[in-house]
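Hi there,

Here is the structure I promised to pass on to you. My notes on what turned up in it follow just below.

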Amino acid sequence: LLLRGRDAAVSLWAAIRAYYLASFAGYFLPMTVGADAVRIGALAGTSRPAVLVASVVLERLIGALAQAVLAGLSVVTLVTLGLGARVGPGERWGLAAAVVLAFAAFPFSFPAARWVAGRLGPAGGWRGALRAPAEQYAGYGASTGAPWAVFARTVRGGGVSLAVH
């Protein structure tokens, strides 16, 4: 969805292949950065690398927001059911404040990326290599539908896992 939002269509087969290849590589490479690099590399022949990098960064930020929401739902569920450790009002308010702050800050990531791209200037080399993904990321600010659709799907998938457990 994020790639389609930037006119960088990738076939379903290429996306599935890249996902499973990156998942497998993630067992051997450090943290998720290695798996993300494999996913970008697997798709680099089908799309522009700057768009791929920007979509992965945005996907990770959306995933963090979704995890914050799911953590809040988990705490509410535990408190409601009286299970697990006792969660006091301070912890509840702290979690709520963190979630609200994350949602308030997220829209500013697009202008921040635009600012970073502007600061990197038109130079080539490593500055140009960083500027291109920053510009692509900033472009997602105009297409609010795709990021929020990915967010909704991520929360829904995590919600199913939460309900099962």
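Predicted model: local features only at pLDDT ≥ 70, side-chain atom pairs only at ≥ 80, totals over all residues.

Let me start with the rings: searching the whole structure turns up eight aromatic pairs. One of them joins phenylalanine 103 and phenylalanine 151, edge-to-face, with 5.4 Å centre to centre and 90 degrees between the planes. Because phenylalanine 103 sits in helix 5 and phenylalanine 151 in helix 8, this pair ties together parts that are 48 residues apart in sequence.

The protein chain has an average pLDDT of 82, and 95% of the residues score at least 70. Confidence is lowest in helix 1, with a mean of 75, and highest in helix 6 (residues 109–120), with 90.

Now for the overall picture. The protein chain holds eight helices and zero strands. Its C-alpha atoms fill a box of roughly 55 × 35 × 30 Å along the principal axes. Of the 165 residues, 33% are buried. Among contacts between residues at least 6 apart in sequence, 70% join residues at least 24 apart. The accessible surface is about 10200 Å², and carbon and sulfur atoms account for 70% of that.

Helix 8 deserves a paragraph of its own. At 1.5 Å a residue, its 20 residues (145–164) should span 28 Å, and the end C-alpha atoms are 29 Å apart, which agrees. Which residues of helix 8 are buried? They are Ala146, Pro147, Val150, Phe151 and Val155. These cover an arc of only 165 degrees around the axis, so they lie on the same side of helix 8. In general, an α-helix has 3.6 residues a turn, so residues three or four places apart point the same way. The buried residues of helix 8 pack against helix 1 (2–5), helix 4 (49–81) and helix 5 (89–105). On the face turned away from the buried side, helix 8 carries the exposed residues Arg153, Arg156, Val160, Ala163 and Val164.

Best wishes

Methods: Residues numbered from 1 in each chain as written. Heavy atoms only, no water. Helix = DSSP H or I, 4+ residues; strand = E, 2+ residues; numbered from the N terminus. Expected span 1.5 Å × (residues − 1). Buried < 20%, exposed > 50% of the residue type's maximum accessible area, 1.4 Å probe, protein only. Arc of directions from axis to C-beta. Contact = heavy atoms within 4.5 Å. pLDDT = per-residue confidence, 0-100. Phe/Tyr/Trp six-rings, centres within 6.5 Å; stacked < 30°, edge-to-face > 60°. Areas by Shrake-Rupley, 256 points an atom, 1.4 Å probe, with all protein chains shown as cover.
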